[in-house]
Amino acid sequence: MSIWTTFHKWGSPRWFYQFSGRLLPWLGGLSLLLLIGGAVWGLALVPPDYKQGNSFRIIYVHVPASAVAMGAYMTMAIAGAIHLIWRMKLAAMVMKAIAPIGASLTFLALLTGAVWGKPTWGTWWVWDARITSVLILFFLYLGVIALHQAFENREAAAKACAVLVIVGAVNIPIIYWSVEWWYSLHQPASIRFIGESSIHPSMLRPLMATMAGMYLFFAWAMLLFTRNEILDRERNTRWVQDIVCGNDKNAESSSVL
Amino acid sequence: MYFDSIGELFAMDGHGPYVWFCYGITALVLCVILFEARRRRLGAEQRVRGVVRRKQANAHKVKGKE
């Protein structure tokens, strides 16, 4: 199969709907298992940090939410670029689907960060580069949601959002390296892809679990939102009507949310 | 378990409220995302059914005229 055939197949809402339906139970089950398991591990089993004490346990929800909020934005930017370059309808639906999920995760990152800051730094908020750039990420997500609602025409909305999302992507490397460029209250990354991580393996393992769980949760939610978007936009097609009215025997049950 | 008792697990040497709040709000936000997905699914299904109903009504009208 050539790369173009694959590309066209992936761009077909019908194929995507059916394929994603098979992934949903796995993504949902595995993400909840990892999130709940990692949370119990991080809350009750690992010893406290020698300096921060028990407040460090917030790392197991704060870091995954922040990392996935950034990853979600990059996914949205790639979908936006694909939509602009190849006019793929499905990419526009993915872009629209990610915005509310990304906004929720960024909100979580900011809120858990503030609550972690109080016992650790003595303050809920500080206008440093990391926190301010994450706040900008939150506004970018809200901007994409608002822009989608501002247009009557779907095509025009998708185009405007794609441009906003791509331009806003410059914020992602700024968030990532802000803790290195402008040293402030926020600590630099403890996990490194190159070189040694500064976190003890016993503390790292539950973090890997909740991190993987959060990524899978994001993938799960993204598919659910995209599928809803597909049903909505393709409601005049026979295959969507067959699925909703229960005439499609091949369709997976709609009970998986 | 690292802690000696359930009480200590909740108190976490004074950090309990901060830690438990963060885990609670995370669980809540993730649940809200799933509920919102469900709500949108039901809305989309309803609109698809509306299209099907209109289609059937039109088909009946055409039949009645014949």
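## Basis of the description

Residues are numbered from 1 along each chain as its sequence is written, and chains are lettered from A in the order in which they are written. Because the model is predicted, local features need pLDDT of at least 70 and side-chain atom pairs count only at pLDDT 80 or more, whereas totals for chains, interfaces and linings use all residues.

## Helix H4 of chain A and its partners

Within chain A, the axes of helix H3 (residues 59–86) and helix H4 (residues 89–121) come within 8 Å and cross at roughly 155 degrees; helices here are DSSP runs of H or I with at least four residues, numbered from the N terminus, and axes are lines fitted to C-alpha atoms over the stretch in contact, with angles from 0 to 180 degrees between N-to-C directions. H3(A) and H4(A) are therefore roughly antiparallel, a term for angles over 145 degrees. The contact of H3(A) with H4(A) has 20 nonpolar, 9 polar and no charged residues, where Ala, Val, Leu, Ile, Met, Phe, Trp, Tyr, Cys and Pro count as nonpolar, Asp, Glu, Lys and Arg as charged, and the others, Gly among them, as polar.

## The largest nonpolar core

The largest nonpolar core has 77 residues, and those with the most contacts inside it are Met95(A), Ala221(A) and Met222(A). Such a core is a set of buried Ala, Val, Leu, Ile, Met, Phe, Trp, Tyr and Cys residues joined through C-beta atoms within 7 Å, and buried means that 20 or more other C-beta atoms lie within 10 Å of a residue's own. H4(A) gives the most to this core, with 17 residues.

Leaving aside neighbours within four places in sequence, Ala221(A) is in contact with Ile101(A), Ile33(B) and Ala37(B).

## The contact between the chains

In total, 39 residues of chain A are in contact with 31 residues of chain B. On the side of chain A that touches chain B, the largest share, 11 residues, comes from H4(A), and the residues of that side divide into 26 nonpolar, 9 polar and 4 charged.

Notes. Helices (H or I, at least four residues) and strands (E, at least two) are DSSP runs, numbered from the N terminus. Angles under 35 degrees count as roughly parallel, over 145 as roughly antiparallel, 65 to 115 as roughly perpendicular and the rest as oblique. A residue is buried if 20 or more other C-beta atoms lie within 10 Å of its own, exposed if 12 or fewer, and partly exposed in between; C-beta atoms are placed from the backbone. Two residues are in contact if their C-beta atoms, placed from the backbone, lie within 7 Å.
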